[in-house]
Amino acid sequence: MGSVRLENVSKRYGDVTAVDDMNLEIDDGEFISLVGPSGCGKSTTLEMISGLTTQSSGSVYIDDEDVTGLPPKDRDIAMVFQNIALFPHMDVFDNMSYGLRIRGTDDEVIERRVDDAVETLQLEGMLDRMPSELSGGQRQRVAIGRAIVRDPEVFLMDEPLANLDAKLRVHMRTELQRIQRKLDVTAIYVTHDQEEAMTMSDRVAIINGGVLQQIAPPLTCYNEPANLFVAGFIGSPSMNFIEGSVTDRRFESETVTVDGVGLEEGSTDAVTLGIRPEDIYPEAAHRNGETAGTVRASVDVIEPIGEKMFVYLVPQGDGHTDDVSADLERDHLLMSVTPDTEIEENEVIDVTFDQSSIHLFDTATGDALVHGLKPEQQPTS
Amino acid sequence: MGSVRLENVSKRYGDVTAVDDMNLEIDDGEFISLVGPSGCGKSTTLEMISGLTTQSSGSVYIDDEDVTGLPPKDRDIAMVFQNIALFPHMDVFDNMSYGLRIRGTDDEVIERRVDDAVETLQLEGMLDRMPSELSGGQRQRVAIGRAIVRDPEVFLMDEPLANLDAKLRVHMRTELQRIQRKLDVTAIYVTHDQEEAMTMSDRVAIINGGVLQQIAPPLTCYNEPANLFVAGFIGSPSMNFIEGSVTDRRFESETVTVDGVGLEEGSTDAVTLGIRPEDIYPEAAHRNGETAGTVRASVDVIEPIGEKMFVYLVPQGDGHTDDVSADLERDHLLMSVTPDTEIEENEVIDVTFDQSSIHLFDTATGDALVHGLKPEQQPTS
Amino acid sequence: MSAEDSTTASRVETSTSRSRYRVDRTVLNWLERRSDTQFVYMMLLPVFALLGTMAIWPLLYTGNISLHADNIAGANPVGEFVGLENYVEILTGQANLQRPFFSLSSPFTSAVPVTLIYTVSAVAVETVLGFAMALILNKEFRGRRWARVALILPWAVPIVIQGMIFYLMFQPSIGFAVGPLNDLGLISTTPLANSRDGLFVAVIADIWKQSAFMALLILAGLQSIDRSLYDVAEVAGASRIQQFRTITLPLVLPALLVALLFRTIGALKVYGLVESTAGCNTVPTLSCLVIDLWSGNRYGSAAAVAFIIAALIGVLLLGYLVQIRQQENGGR
Amino acid sequence: FGGSDDGASVLQLTATNEWQNNSDAIQEALYDAGLSEDIELEMISGGENTDEMQNQYSQWLNSNQEQPDLLAFDSGWTLPFIVREQILSLEGELSDDVIETVRSDYFEQSVNSVTSQDGELYGVPLYPDFPTIQYRKDLVEDAGYDWEQHATDPLSWEQFSHELADVYDQSDVDYGFNWQAASEIQLGCCVFNEFLTSWGGAYFGNPEENLYGPVGDRPVTVDEEPVLESLRMARTFIHGTDAPDTHDDFAGNITSEEAFQWGLSPSMSPFTDRNAVALRNWPYSININGADDALGEDMGVMPMPYGVPEGEGEYPGTGGSIGALGGWNYCVNPNTTQLEDCLEFLEVLTSEQFQRQNFELVGHIPPRPDVLENAGDVPIMGRYLDALSYAGDHTMARPVTEVWDQQVDPVAQEANAALMGDAGVEEAMSSLADRLSDIEAEYSGS
Amino acid sequence: MADASTADESDNVVERTASKAIHDPDTVYRWLTYVGLGFFLTVSLFPFYWLFVLALTPTNQMADMGVVPKGFNPGAFLEVFETVPFHLYILNSVIIAALSTIIVLFVGSIAGYVFGRYEFRGRTPLLLLTLVISYFPPVAFLIPLYRLFTGQVSLIGLESPELYNTPWSIVMPLSAITMPLIIFLLTTFYRQIPDGLEDASRIEGSTRIGALWRIIVPLSAPGVATAGILTFIIVYNEFFFSYLMVTGTPDDWAPILHGIFAFQGTQQVEYNLMAAASIIGVIPMAVIVMVAQERIVSGLTQGALKE
Ligand SMILES: Nc1ncnc2c1ncn2[C@@H]1O[C@H](COP(=O)(O)OP(=O)(O)OP(=O)(O)O)[C@@H](O)[C@H]1O
Ligand SMILES: Nc1ncnc2c1ncn2[C@@H]1O[C@H](COP(=O)(O)OP(=O)(O)OP(=O)(O)O)[C@@H](O)[C@H]1O
Ligand SMILES: [Mg+2]
Ligand SMILES: [Mg+2]
């Protein structure tokens, strides 16, 4: 059994606080992804769970046992390291079988498991290469192999697919899930690839600056981000944010006006409206659902990327000048449409979005206020 | 000036042929991405251009000069290494300024450039950390910084963003492009991230097993893949392939029939039809364009990932059994739809696709025959 | 090939490691569960048990002897307790030593100057030559293996033999070195009888042997450097000399400092070489004093000089240690 | 270790190099001379040189080691061990007969070196050692001299130097008179000692009274004129008469400057190779150089020349031909478990038969004058019996006291400095006198 | 830094006029390497050649030596073994040196690991303490150790074991005296191994000690091999304890030093035998150097330390 629990865990390196008062509860057999910006403390969190680093304060529980002080080898975990860390003096076979050999597993069993892993990892014929004779992606796969040949309680994986190409990633993703299910093992998975986090995990934990922001199933994080950070972080390209204020259930900014906002009357002032690029569409292509108002904007740049097309819009709100260069990012609206949409650069179009896809946040605290402007709906978090 | 040309370049490590008779011509100031499966020879190609590895045969030209035998330091290149390779005994500032200090650049200039890079890379306040005190992504950024502070003829970048989160990747992408344009430098960029390759490059080179498959602008690669490999490799999720044969301009497989195929009569037999997941849509949502026939299929799995939804279909063609487990991959059709599409698992639906989005390949050689079944259209490659 | 070898090797290892694992498991497990601090001290137990009985206790014992008078006639060579008298007498030049402890008027026949001259000149030259040798040995060339053996071999020569070789070399009429060097005006016809020349011979002999020691340590340091760093540097445009200065040197520096540290200590303690070439009467190093006193059954004075040597070395090495500390702080 | 099994017991003894190199023959000789065949001898080396042996012995004896059972002691440093009671007194252990034999029949000086202040015997001399002049009889004769007559009637140094210079001139050898001037114990204990004593000087005044002490209560006389004269003479040998501090009466340039770094062996090898006229060395080298494959009958031996005639020295016993007395003694480890065997061994050492054989085999001079006199039939050594007997009667022991170890190095250093010219003769000797006095003062009464 | 740029500029001028060699610095370096190598080889090996010259020259020819043997007497090499059981001395020495090497590498590795990879209170003082030990001349240890090994020191009523005349009386003190050097050496090498590799090993289930033996030591192969050679040679060549801690007979574990002394009498020196014995005595060293330096080379393949 391999439930994992962090209680008020912090880790400080001198002045730097890498992880700050983290509380995390992971059920046995669950697949959790940790995501967050570079340097936010993901690897540090894994290291504390593995026992490689001792937390500065707080406790780590594995299987409801406080494992503080328990050496890594007794925590029964397997780990894929972000820096790969192959043993340079061992060939691929020895690297992969290392953990089993340490435990004195039968040679036969070792060979079988390594063979299985080799097939999964598409590393056939490389067993007696040295790490220095492998490509970057091959090294990373060996590192994964070193972990999956084992049968641990907890899998810790730190960006295990970072160096793999898309096809292989997809393949490895399913394989890792399959293995995780087969071994019925708890998996904690660090990734910077949202698609990975979204498709693989039971729940996603979003961390920022060492602080846990939200932990929830992937779609919840996507549809009901707990705060501005999560909203902006999850989803690529990122959610559009428009700062404004709410007066009498009406959101107003320089460019956008939305009615029927589900906030108590009077709770006005600094509110940020969030809308995802794919939720914006040209007025012309009106879909189902109730639209939340129209924005007139000029098309700045069109970026076609195969299966979709990004359209950078400059809203033509009141008081908005044409001086685009200033504060470019904040003032742009990004719209994602199918490649066959007929739009030209510099054209001025009307775009719209559904009320159901609007998010409102408190600009000051960043906390989410309302997701999907159904007037009757209460804010979730 | 920094045009780069590879002529019949091969690299062999003992039995392994890492790069096989590669011909590649890169114009001055161009941004080229190298993509391909793990271990296909991307890094090796960069190494040969940089002069770190000498090709087994063939010649490398930089700026029309045969540089074989010219040491790296005289090739005026900057490189981001896949394995990062920071100098462990130098802090971040020293690592980043290394190339400049070596050249005896003025301290002032160094400071300015490093400061610029630090800002670009969001590494503020880390200048006097040692590499061992950085997170994985931070290390990678330092490695990028070490290259971008310089002003070389050619930028070689080997998966420079592999360890960064999505937001930072997007940011870095634009920054790298900006820098490349500003310095007007030739860039050769290895990535496994197709979006990166698609959005950043002037042309994309797809390599497989050391052999160059296609080099063309991103959308050409996407829309007119030169062969089965490229078709399958570019685009995520991958293109669906259906094997069949063509008789009298009519493509037929067990499950799908398409009329009006632009192939000469009689050139029948083994032909593979390719269709991208996003080009398949439920019959109900018929778009514009001429449909190429309907496929009845049962919905096997639905995978929602935020902005879109993957639907795994099992076509109910003649002779198709319900035994899904066997040969699962080949028999599945993957459809990518917007999340609001109303579909349920196990439902049987009719899906269709436009003639214009169909690709035909010679099953035996893999070469593309026709892209987009406009009967009058001739095959491109 | 080598990959194959190592595969089989480690596969063989498996069976043995398995049984070992079983046997030691309890101890290892217990150890593994110690906190870092406890673990560290447990791990240091064997070293300090060994050093304690074989070095520290003996030094305390000898230190105690150094506080007692000499007793050259009695059955017990250690006389009555006299406190620091031995030290005072030696340092003030009152003690009857074979040669003066410190005399600037006769630098080649008094212990401290002789030892310092010897140490500085030998270690300086050894460092330069050792580094050059290590750089050469780190290169790929045919026959490198034998070249390494050949260059390291002098270090493997027992001191007695080393001394004999140079004794004979500088023996007039037998050694071939005297004539030419004398013609050049570098040495007298009887270099081993002359304090200055004898020192020169000893330094040469030391360089011959100990440069290899430097080379060996530096070579090991060179071998440990991650090759990919040179790739980076090369692409960054560093010339060989710059690569040497910015990568090789700082990364071998720790090993070099260790070599320098221990060569300096070794040179400051030199005895055997001197004794087997020019002799302690001609080239009276500090250790010569200790041995002479000890041979003369003057245990108290011998112990005191030994401790003075240690103190002197300690003072001289303070500089090195500061360097090393800086290295460590900078390096991690 | 070394215990006795099946009746045979093993005696461990340190042995001189000559013995070690001929251990089988020596054992045979011992058995022939009556040593029980049950006693097996294991000869070990005490050390590379006499200094190291001395250190080694201190360690052994200080720590009450049971082995080696028997120790070969240099007569130059037996006494300190006796003083420290680290070796076994043989009084009451050896039979009275044997003790009596040693006391009355042995060379007196040798017996002195194993006798304590209160007259107890602590060891049995193995052989006495005294240097002689070995010379190329053929060259000397070719030059018209006859040095055979000086086998029992020594030359004066003055005459020796002139004749030798003449022989040297007339021959084509590279070296004239080889002796040892290196700053080693050899110079302090012996060479310099011989020179100054033959000139009538002494280290500590009257040797008959002061040689063995009392430390601190005796004069230091190394800065007296005879000593200075002897140094000037020696300097003349090397530097010629034109250099400062030399003697115009002597012939110069007969000794190579190489002597400054010559120990025994380097000084000997040119002579062995027929490349020198004369050599000062110990008897062992007679056995080597007199061998048929070396110089054979071409070598002559005579006693050391004299500075002032016998009896005309400053102190009793000084003047005349003087050889420094060395030699080795066997003493018993007080912790031995095989005392009986040790005593049996010592007894055999006193047998005339063994002493003759030892003389013949390795050139160890019989410690008893009467045995030496009757040994004329011994192959090589026998030829030079006259000279050896004379030399044996004209020796000077070194001033071995418990502080001699401290003193011998300064003596060697200062004498060497004077010889090399690093310091003037008077300057060196007055400095030596100071240093010796300091040592005397420091250890007075100890 | 400033002169680097001027060097760059002058490059253009030089390039035009200079020979091909300067165009191709590799050739220059290669050439320099061979010149340097030639020099060092000559200097290193000449004395050994000199030993051969002496060994081959019969004793009675040993004068006015040039640099070629006078005569040819290879029998000296056999005579060495006839005169004394030289092989036994060598064997003893090899055993003693090997035992010491094992102990020093084992204990020193653990200490080097702790000092190199952990920060703890007392680290610096303890390191300094070990260093201070090496300041003292060997005599400073001799007297008490001699008493200890001859059973004269009693601890809590127990007499110390009689180690005199056993290999341990040499092995133990020499292990201790060599230890500071080895600790310092291994500390520097172990320090350089990236933490990640040790971490990976521990995750895979090895203990800290396990990771030390399986990962850190093999990865520091050049350093460990060097440490091994150093220890072996130091012990093999050592003078004081080797000389004084045994009686001197081959049966009582006397090392080679005593064997060589057997040729160096107080009065007569057989140069040719000594030279021959010296050459023979160096052979085990040559073998060790050969074997161990192989480890130095093979220890790290290209880029071994990258993380
Ligand atoms: N030193 C070597 N010895 C043997 N084979 C090697 C060596 N270096 C690389 N290879 C092989 O050459 C092939 C190409 O390697 P390369 O590093 O160029 O791949 P890559 O395209 O960069 O892959 P990745 O995306 O995984 O980094 C790989 O199959 C690799 O195993
Ligand atoms: N040894 C150290 N000393 C000081 N700061 C450190 C140390 N190790 C990590 N940090 C800092 O702690 C923070 C968290 O590091 P961590 O490695 O957990 O980040 P991460 O979330 O894994 O980032 P990435 O995605 O870039 O790998 C970073 O800001 C890093 O700079
Ligand atoms: Mg990380
Ligand atoms: Mg690569």
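A polar contact is a pair of N or O atoms within 3.5 Å. I held that cut-off in mind while going through this predicted model.

**Entry 1: ligand 2**

I started with the backbone. An oxygen atom of ligand 2 is 2.6 Å from a polar backbone atom of B:Gly137. I then looked up side chains. B:Gln138 places a polar side-chain atom 2.7 Å from an oxygen atom of ligand 2. For A:Thr44, the distance from a polar side-chain atom to a ligand 2 oxygen is 2.4 Å.

How many residues surround ligand 2? I found 18, and the closest are A:Ser43, A:Thr44, B:Arg129, B:Ser135 and B:Gly137. The surrounding residues come from chains A and B, so I noted the site as shared between chains.

**Entry 2: chain E domains**

I turned to chain E. Its domain assignment gives domain 1 as 13-61 and domain 2 as 74-304. I looked up how they meet. Nine residues of domain 1 are in contact with 10 residues of domain 2.

What area do the two domains of chain E bury between them? I read about 730 Å², with 78% of it on carbon and sulfur atoms. On the domain 1 side that touches domain 2, I noted seven nonpolar, two polar and no charged residues.

The rule finds zero salt bridges between domain 1 and domain 2. It also finds zero residue pairs in polar contact there, with both residues required to be at pLDDT 80 or more.

Terms used: Residues numbered from 1 in each chain as written. Chains lettered and ligands numbered in written order. Predicted model: local features only at pLDDT ≥ 70, side-chain atom pairs only at ≥ 80, totals over all residues. Heavy atoms only, no water. Domains from an automatic or database assignment. Contact = heavy atoms within 4.5 Å. Buried area = accessible area lost by both parts, 1.4 Å probe. Salt bridge = Lys/Arg side-chain N within 4 Å of Asp/Glu carboxyl O. Polar contact = N/O pair within 3.5 Å; in protein donor to acceptor, adjacent residues only side chain to side chain. Nonpolar A, V, L, I, M, F, W, Y, C, P; charged D, E, K, R; others polar. Near = heavy atom within 4 Å.
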